[in-house]
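Here are some friendly notes to read alongside the model. Take the points one at a time, and find each residue as you go.

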Amino acid sequence: MGARYYGADSESGDRIDDPSEDALFMMISDLNGSDNTFLVVQPDENDPVWFSSVAVLDDGGYEIVRRDTTCNEREVTTSTSINDIARDLTIWMAARSISSR
């Protein structure tokens, strides 16, 4: 059975359905600069209208991309705090799930 709302997939093949803030924290913590460089969170549907991604930067830290085509939103930020990234993504994704119901 697929995710109820969305899923998080890492480059290494790990997947978590409807990830909590703690699950996102763990997935981001597992990212590295060689074989697991990014993760993507998006709805479990064909042609999703929103997604977010986190990628390891060469000089340290992470690039966070949030895209929502329903409101023409595209934001790219950087951060070194996994706590902040996981919290912010959780809040952002909750707003997407609520607005799509």
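1. Let's start with Ser 10: is Ser 10 buried or exposed? Ser 10 is buried, because its relative accessible area is 9% and buried means under 20% (exposed is over 50%, partly exposed lies in between, with a 1.4 Å probe and protein chains only). Ser 10 belongs to strand β1, residues 6-10. Strands (E, at least two residues) and helices (H or I, at least four) are DSSP runs, numbered from the N terminus. Please keep in mind that this is a predicted model, in which local features need pLDDT of at least 70, side-chain atom pairs count only at pLDDT 80 or more, and totals for chains, interfaces and linings use all residues. Residues are numbered from 1 along each chain as its sequence is written, and side-chain values use heavy atoms, leaving out hydrogens and water.

2. What surrounds Ser 10? Setting aside neighbours within four places in sequence, Ser 10 is in contact (heavy atoms within 4.5 Å) with Met 27, Asn 36, Phe 38 and Leu 39. Its side chain also makes a polar contact with the side chain of Ser 12, at 2.9 Å. A polar contact is a pair of N or O atoms within 3.5 Å; within protein, one must be able to donate a hydrogen and the other to accept it, and residues adjacent in sequence count only if both atoms are side-chain atoms.

3. Ser 53 counts as buried because its relative accessible area is 15%. Beyond residues up to four places away in sequence, Ser 53 touches Leu 39, Val 40, Glu 63, Ile 64 and Val 65.

4. Next, look at the largest nonpolar core, which has 18 residues. Such a core is a set of buried Ala, Val, Leu, Ile, Met, Phe, Trp, Tyr and Cys residues joined through side-chain atoms within 4.5 Å. Ile 28, Val 41, Val 54, Tyr 62 and Met 93 touch the most other members. Two or more residues come from each of β1, α1 (21-29), β3 (38-43), β4 (50-56), β5 (62-68) and α2 (82-99). Helix α2 gives the largest share, six residues. Not counting residues up to four places away in sequence, Ile 28 touches Leu 39, Val 54, Tyr 62, Ile 82, Ile 85 and Ala 86.

5. Now for the charged pairs: how many salt bridges are there? The count is eight, where a salt bridge is a side-chain nitrogen of Lys or Arg within 4 Å of a carboxyl oxygen of Asp or Glu. One of them joins the side chains of Arg 96 and Asp 68, at 2.7 Å from N to O. Arg 96 is in helix α2 and Asp 68 in strand β5, so this pair ties together parts 28 residues apart in sequence. Arg 96 is buried at 11% relative accessibility, and Asp 68 is buried at 3%.

6. Asp 84 is partly exposed at 32%, and Arg 87 is partly exposed at 35%. Arg 87 also meets Asp 88 in a salt bridge, at 3.8 Å from N to O. Elsewhere, Asp 9, Arg 15, Asp 17 and Asp 44 are linked in a salt-bridge network.
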